Every structure is written in C-alpha cells, then in structure tokens.
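Good morning, colleagues. Please take a moment with the sequence and the structure before we turn to the ligand site.

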Amino acid sequence: MRLDKFLAESSVGRRKIVRIYIKEGLIEVNGEVITEPSMDINENSDVIKYLGKVVSYTGKVYYMFNKPAGCITARKDKDHRTVFDFFDDDKMNGVFHVGRLDKDTEGLLLLTNDGEFEHKLMHPQEHIEKTYFFWALGSLDEENRKQLEQGIYIGKGEILTKPAKIEVHRCGMYKDFKHEMPIDNLNNIDSNQYNQPVVSGYLTITEGRNHQVKRMLKAAGCYVVYLKRVSIGGLMLDESMEKGRYRLLTEVEIKKLGIGRVI
Ligand code: URA
C-alpha cells in the first residue's frame, strides 16, 4: 500500500495533508525518514511513525451521524459548535464530512476517510438520491408540485433543478398542526396568525446545490421552518440514534449505498 494512503486511512490526516507531512520529513518508516508519498509499505509488518509515535492502521471508516440543529458542518469554527465536536478527537484526524447540512438542518450526515466514496456520493452524475423531510409555511398545489418534480429556477443565472420527487405529508392550517411540528419556537408566527397555511412532506433531490431544498420550496412559494435529511441513496437515518450521536455504518449499509469498500 502507498504510504500516503496508509496514513490517510489511519486517522493521521486527509491525503493532501499527509503528503505535506511526508514531504516535511515528519514520517518514519522502520526508523528512516521517508519523503516520498508513493513509497510502497506493508501495513502489517512495517513500523510507521508520525512525529515519533507509531501509527496503527485503522482502514476505511464510514460514520453515520444524526446531526442536531445548531451546529455547523465544518471541522472548526471560532463562533459555533461543529459536527466534529460530537466525536472523539483522536479518531477523527483523517475523517471528513460528506457534503454539508445547514446549521439549522438536522439528520443524516456521513463522515469518512475514503475520498473515493465522498467523490462518488457527491458527484451529480451519480444521481444519488437524498431525501429531506420538511415543514414549511405555505402550501403546495398540484402546479407547484409539478414544478418541483420537473425542475424549477432557484436563483439568478442558475439552470433548472434536476427532476425531483415530492410527497406531501400534511397540509392545512398552522393551528391544526402546531403540535406536530418539531419546532419549539416559531418566532415569525404569533397566535394571531394561526390561520397561516403550513405543509410538510418529503423532497428527494439528486443534486447538492447550496440550500437547495429551501430554495426549491421557496421558488414554489413555501418558507421552510424545519428540515431534516432522512436518507441518502438506499441508506436511511437510524432513528433509534439520538440527535448528536454517531456510529459506524454496518457492512450492509455500506453495500446499500452501492459505493465504498466494505471494511
Ligand atoms: N438543502 C437545504 O436547503 N439545506 C440543507 O441543509 C440541505 C439541503
């Protein structure tokens, strides 16, 4: 196995980062400083050290995280909690999030140290379906639903969105669904506006543009007040996992995604 691949799959850092470590002379193989990232090593018998500490091989890892609202999808942030604050630090050096969820979006987020897996999941040509559950202010008539399904303009200079699937779950008045809505405080609705129409449902998209679900629903006349990703490809969020918890994907789940290598 290549030295840079070994290090990336051993929680030392992402491929491009470990290449820098190698070039800077921070890596030893069997007591000798090696500066060539492509060097072939044997992960079972060679002793590899980073900054003098033995690196043990972990292999590819795939985590499912149930993201709570209020944290941002980033490694570090000076003002906000990030998704990495929910993980044990020492395991996560080479691990990165696959795509992003907005700060106020909840639900399924994958993290991995497998760059190929990330690339395939994120590549628009792979058409991997991502399904979001939403609550929004407004309503969706047949025409709006058709627009969402067939493609809709969501911003100046942007092309139509790719075909999507919309399934309406609830539609009616805020006063009737207020108790079902998983939001404590809707500060733009007061009791005088109890007759505000609301709608909930599932929107499935295959792209990953910025704030895409919110913008699609906005273009269809709705304002999203709650958003949660419930599935990616054939992989469903494990709802038995509380918000803020994570676990490794099982082999069956990795297979469901149809990409990545089974550990
Ligand atoms: N679409 C959005 O609008 N927000 C997300 O977090 C994910 C998809």
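How far does a backbone N or O atom of glutamine 212 lie from an oxygen atom of the ligand? The distance is 3.4 Å, which falls under polar contacts, defined as pairs of N or O atoms within 3.5 Å. This is a predicted model, in which local features need pLDDT of at least 70, side-chain atom pairs count only at pLDDT 80 or more, and totals for chains, interfaces and linings use all residues. Residues are numbered from 1 along each chain as its sequence is written, and side-chain values use heavy atoms, with hydrogens and water left out.

The surrounding shell, counted by heavy atoms within 4 Å, consists of Leu101, Asp102, Thr105, Tyr132, His211, Gln212, Val213, Lys214 and Leu227. By class, 4 are nonpolar, 3 polar and 2 charged; here Tyr counts as nonpolar, Asp and Lys as charged, and Gly as polar. Helix α6 (residues 212-219) supplies the largest share of the shell, 3 residues; helices are DSSP runs of H or I with at least four residues.

Finally, the domains. An automatic or database assignment gives domain 1 (3-54), domain 2 (62-125 + 234-256) and domain 3 (129-232). Domain 2 and domain 3 each contribute at least three residues to the ligand shell. The centres of domain 1 and domain 3, taken over C-alpha atoms, are separated by 47 Å.

Conventions: Polar contact = N/O pair within 3.5 Å; in protein donor to acceptor, adjacent residues only side chain to side chain. Helix = DSSP H or I, 4+ residues; strand = E, 2+ residues; numbered from the N terminus.
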